Amino acid sequence: MTGPERGGPVTAGPADAGALSGVVAAAFHDLEPSRWLIADPAVRREIFPGYFAIFVEHVLAAGVVHTTPDRAAAALWLPAGDGTAAPPDGYDTRLAAVTGPYLSRFQAFDEALDQRHPGGVPHHHLAMMAVRPDRQGQGTGTALLRAYLRGLDQAGMPSYLEAASLRTRAIYLKHGYADHGPPIRLGGDGPSMYPMWRESAGTY
């Protein structure tokens, strides 16, 4: 994937795992679902890089991670068939080791999202889209999103994601996504996430 210009998409490799895990951790630190997972911001800052490393490493091996030349953003895409993609190798063990006393909350988070993931239709799952805080609002994430969606449209492939806020939901609506059922309410009375589906547009 070409993209030497600032913000242009490049395909990440294994050597990028540490840096991009840090980008995701920083970008997601203050989101409502993150605060629901771990209320204490200091503990969240300690746990999140290792937690997100599990997913970055998995998608590097099983999917596609797009980033920027300066590694300021990450878009994690996984192909899915009849439902969610297979979990990372040793996921339960690694999750327990990383999250410690917060394990049950992370397990509840996984279960809530898995229950709503659409099955029966091949698609690509945008598992995470993160932009380093100092680069947000500059079109960095949009550039990564548009590049991958062009490829999905050429292949006639739909995609799915869970938006973490109403702000990000509004952004995805502008790129052809639509709500896929009601919001996911974490823990029954916690913050909401917004499942969204995008049919192939043919051209983008």
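Guide: A search of the whole structure finds nine aromatic pairs (rings of Phe, Tyr and Trp, the last by its six-membered ring, with centres within 6.5 Å; planes under 30 degrees apart are stacked, over 60 edge-to-face, the rest tilted). This is a predicted model, in which local features need pLDDT of at least 70 and side-chain atom pairs pLDDT 80 or more, while totals for chains, interfaces and linings use all residues. Residues are numbered from 1 along each chain as its sequence is written, and side-chain values use heavy atoms, without hydrogens and water.

Visitor: How is the pair W77 and Y148 arranged?

Guide: A pair of aromatic rings is described by the distance of the centres and the angle of the planes. W77 and Y148 are stacked, at 4.1 Å centre to centre with 10° between the planes. W77 belongs to strand 3 (residues 73-80) and Y148 to helix 6 (residues 140-155), 71 residues apart; helices (H or I, at least four residues) and strands (E, at least two) are DSSP runs numbered from the N terminus.

Visitor: Are W77 and Y148 buried or exposed?

Guide: Both W77 and Y148 are buried (under 20% relative accessible area; exposed is over 50%, partly exposed in between, with a 1.4 Å probe and protein chains only).

Visitor: Which residues form one aromatic cluster?

Guide: The cluster consists of F28, F48, Y51, F52, F55, Y91 and F106.

Visitor: What average pLDDT does the protein have?

Guide: pLDDT is the predictor's confidence in each residue, from 0 to 100. The protein averages 92, and 92% of the residues score at least 70.
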